[in-house]
Amino acid sequence: MADQGKVDPMHQFEVQKMFDMFHVGNHEVAFTTSAMWMVIAGLLLWAFMIGGMKRQLVPGRWQVAVEGFTGFISGMMNANIGPEGRKYTPYVFSLFMFILMLNVIGLMPFGLFGLHPFTVTSHFAITGFLAILSFSIVLIVGFWRHGLHFFSLFVPHGTPWWLLWLIPVIELVSFLVRPFSLALRLFVAMTAGHVLMKVFASFIIDGIAAGPAVGLGVGIPSMALMVGISGLELLVAGIQAYVFALLTSLYLNDAINLH
Amino acid sequence: MPQISQFAENWYAASQIFWVLLTFGFVFFVIGRGMLPKIEATVDARDRKVADDLAAAKAAHAAADALEESYRQQSDASRAAAQKSVTDAKDKAAKDAEKRLAKIDAELADKLSAAEADVRAARSSAMAEIESVAAEAAGDLVAKLSGVKIAAADAKAAVKAVLHG
């Protein structure tokens, strides 16, 4: 949003309250722009999945698309965890599709229609929540299945006895860092991409404001870069959703099969 | 950075967590738990059907192979039988022909030897006649030419000597 001719690349990340709802303790819960996009993402996802529910033996195009996504995730779970991973496919699939939908919706040029596009996954509160959810499931599954034996995760196979004082500490730290790396990776990738696009967009606006010569000289290369970066960001949107789901499945594998 | 500075606002974290819980809960329970298993079941059913159909096709192929093999064996056997009966018939025919030929040969040889014997008998009788006629003629010739009467036996001996060298 241009404020006195300046484009603030961070303004796009601001969550705006749309209306108040109720109080939890002394915290207010409101319907926000972020909430609106999450609801839209959930509904779009639901509408997309409805097309895959025809359950035909010979699928149509839509059903093939939906089955492509489900097959992608169940294949990944099968490859990383094995047959026992099937139980957790609904969670990882929901995670992947939800994040993918939010990432892609955040990239759509809704601004052309006067809407305020917003990338929900560019908020640490959201990615952090999902990462902690994944991490909690890993912990619960790990302790549920292996009890205290789950701690053997911190002593990898083949650790020499004289390193037993060091390796478990390193493993513990790397284990505890998982939720942060999971949350930060998605949050930073989304934020950085959108800042980059906003910065290039502001180059075009500022260049045009500085006159036709500067406008053409700066605007055309910036526009060309914008086109490329938009494509790249679509790729990143998919990759980050995939990475989140992949790492969740790998962590689940640790909890299910230990090492 | 609003993502961090907005944490200071009273409503921010509560609203974000509440709504992500609600929407992700919807996605997980309705889509992940409700729709995904049905879609996976459809895919599994299709995979199973394809595998079953392939197995059935393979079995049918094997059965067809076996059938073809047995047909081939049968036709080989009947061909061999046919060949055998043809050879048998040929052998029999050849043997019959040989037997008949041998019989005919024997008959012909008999006839030939009989004919030869006849010829020989005829010749010897003819020769004997020629001898006696020649002796008579020689006796007559001598008598006419020289007027000497020769004994029939002498004339015969002389003619025999001339005739047989």
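Q: How much area do chain A and chain B bury between them?

A: The size of an interface is often given as the accessible area lost when the parts come together. Here chain A and chain B bury about 4100 Å² between them, 74% of it on carbon and sulfur atoms, where buried area is the accessible area (1.4 Å probe) lost on putting the two parts together, summed over both. R55(A), L57(A) and F129(A) supply 14% of the area that chain A buries against chain B, more than any other three residues. This is a predicted model, in which local features need pLDDT of at least 70 and side-chain atom pairs count only at pLDDT 80 or more, while totals for chains, interfaces and linings use all residues. Residues are numbered from 1 along each chain as its sequence is written, chains are lettered from A in the order in which they are written, and side-chain values use heavy atoms, without hydrogens and water.

Q: How many residues does the contact take from chain A and from chain B?

A: Contact means heavy atoms within 4.5 Å, and in this model the contact takes 53 residues from chain A and 36 residues from chain B.

Q: What is the count of salt bridges between chain A and chain B?

A: A salt bridge is a side-chain nitrogen of Lys or Arg within 4 Å of a carboxyl oxygen of Asp or Glu. The count between chain A and chain B is 2 salt bridges; one of these joins R46(B) to E67(A), with the closest N and O atoms 2.8 Å apart.
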